[in-house]
Amino acid sequence: MEEYERLKAEILSCTKCPLHRTRKNPVPGEGPLDAEVMIVGEAPGRREDELGRPFVGMAGKLLDALLARAGLRREEVYITNVVKCRPPGNRDPRPEEVEACLPYLVRQIALIRPRVIIALGRIAGSTLFRLAGLKWRGVKAEHGLAYNAVVAGVPVTLTATYHPASALYNPQLRRVLEEDFQGPIKEAVSSRGARARRSLDDFL
Ligand code: URA
Ligand code: SF4
């Protein structure tokens with residue numbers, strides 16, 4: 001808890017990349033520190049920048065509905081982004097901005113120790129696959145697949161899908177996202193329970 005508060009305070013006063021000049025509020029992330037599932041997006045948008053909270057705009061509304069398909073409530077997952085400050089005009093974060101900000105995400109993962117990480121979109125997917133030492137073949141190839149991996153020293157099930165923002169005006173992509181959350185993501189989320197039960201049985 002103390003370490004988490006320290007990390008949050010560092011993010012709130014961070015000036016390690018040029019995005020600190022144009023942000024209104026850094027968006028560290030939020031959710032229970034013992035969350036089993038971590039959602040990683042790209043970077044804050046306009047609404048997130050205004051409120052200092054992740055996924056509170058249109059994409060966030062869609063994310064809430066997608067989480068429900070996997071049997072998850074927003075309150076029980078930890079939600080953050082690869083980059084903690086809004087890129088002006090919602091442009092993609094630059095590689096040097098991702099690199100400057102990445103240590104924060106690594107520390108969040110090491111502290112929270114989620115069992116499942118869900119990466120939303122290309123930036124989150126490629127970054128987390130790189131941290132896991134996995135080859136990234138693009139969202140189209142990777143979405144809906146789940147990997148056993150080690151990220152920031154934590155054994156996780158890592159899965160990637162499209163970014164909800166990309167599906168807001170694209171019904172076809174929205175359908176794919178819905179299928180991913182209802183199928184493979186739900187499976188990854190519930191199989192951690194199954195795995196825990198099995199090892200407990202083994203122990204007893
Ligand atoms: N898109 C993201 O990637 N993250 C947010 O927090 C909001 C929109
Ligand atoms: Fe610091 Fe990350 Fe914000 Fe850049 S984006 S200023 S590295 S918190």
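**Entry 1: glycine 52**

I began with glycine 52, which, leaving aside neighbours within four places in sequence, is in contact with Asn25, Pro26, Val27 and Pro28; contact means heavy atoms within 4.5 Å. The model I consulted is predicted, so I noted that local features need pLDDT of at least 70, that side-chain atom pairs count only at pLDDT 80 or more, and that totals for chains, interfaces and linings use all residues. Residues are numbered from 1 along each chain as its sequence is written, chains are lettered from A and ligands numbered from 1 in the order in which they are written, and side-chain values use heavy atoms, with hydrogens and water left out.

I located glycine 52 in the loop between helix H3 (46–51) and helix H4 (58–69). Helices (H or I, at least four residues) and strands (E, at least two) are DSSP runs, numbered from the N terminus.

**Entry 2: the chain as a whole**

I counted nine helices and five strands in the chain. Their order along the sequence is α-α-β-α-α-β-α-β-α-α-β-β-α-α. For 204 residues, a compact globule would have a radius of gyration near 17 Å, and the 16 Å of the chain agrees with this. The radius is taken over C-alpha atoms, and the globule rule is 2.2 Å times the number of residues to the power 0.38. I recorded the span of the C-alpha trace along its principal axes as about 55 × 45 × 30 Å.

Of the 204 residues, 48% count as buried; buried means under 20% relative accessible area, exposed over 50%, and partly exposed in between (1.4 Å probe, protein chains only). The accessible surface of the chain is about 10200 Å², and carbon and sulfur atoms hold 52% of that. Accessible areas come from the Shrake-Rupley method with a 1.4 Å probe, and for residues only the protein chains shown count as cover.

Among contacts in the chain with a separation of 6 or more, 70% are accounted for by residues 24 or more positions apart. I also looked up the charges: the mean positions of the 32 positive and 25 negative ones are 3 Å apart. Lys and Arg count as positive and Asp and Glu as negative, while His and the chain ends are not counted; each charge is placed at NZ of Lys, CZ of Arg, CG of Asp or CD of Glu.

**Entry 3: aromatic pairs**

I searched for ring pairs under this rule: rings of Phe, Tyr and Trp (its six-membered ring) pair if their centres lie within 6.5 Å, and planes under 30 degrees apart count as stacked, over 60 as edge-to-face and the rest as tilted. The count comes to three aromatic pairs. Tyrosine 4 and tyrosine 78 form an edge-to-face pair, with 6.2 Å from centre to centre and 90° between the planes. This pair links distant parts of the chain, 74 residues apart: tyrosine 4 is in helix H1 (residues 2–12) and tyrosine 78 in strand E2 (residues 78–81). Tyrosine 4 counts as buried because its relative accessibility is 8%, and tyrosine 78 counts as buried at 0%.

Phenylalanine 129 and tyrosine 147 are also edge-to-face, at 5.3 Å centre to centre and 80° between the planes. Phenylalanine 129 lies in helix H6 (residues 121–132) and tyrosine 147 in strand E4 (residues 146–151), so the pair ties together parts that are 18 residues apart in sequence. I found phenylalanine 129 buried at 0% relative accessibility, whereas tyrosine 147 is partly exposed at 22%. Ring pairs join Phe129, Trp136 and Tyr147 into a cluster.

**Entry 4: helix H9**

I placed glutamate 178 in helix H9 (residues 171–203). Glutamate 178 counts as buried, with 18% relative accessibility. Not counting residues up to four places away in sequence, glutamate 178 touches Leu66 and Arg69.

Glutamine 182 also has its place in H9 and counts as partly exposed at 44% relative accessibility. I checked glutamine 182 against arginine 69: they are 113 residues apart in sequence, yet 5.1 Å apart in space, C-alpha to C-alpha.

**Entry 5: positive phi**

Most residues other than glycine have a negative phi. I therefore noted phenylalanine 55, a residue other than glycine whose phi is positive, near 45°, and which is buried at 6% relative accessible area. Phenylalanine 55 sits in the loop between H3 and H4.

Asparagine 90 likewise has a positive phi, near 60°. I found asparagine 90 in the loop between E2 and helix H5 (95–112), partly exposed at 46% relative accessibility.
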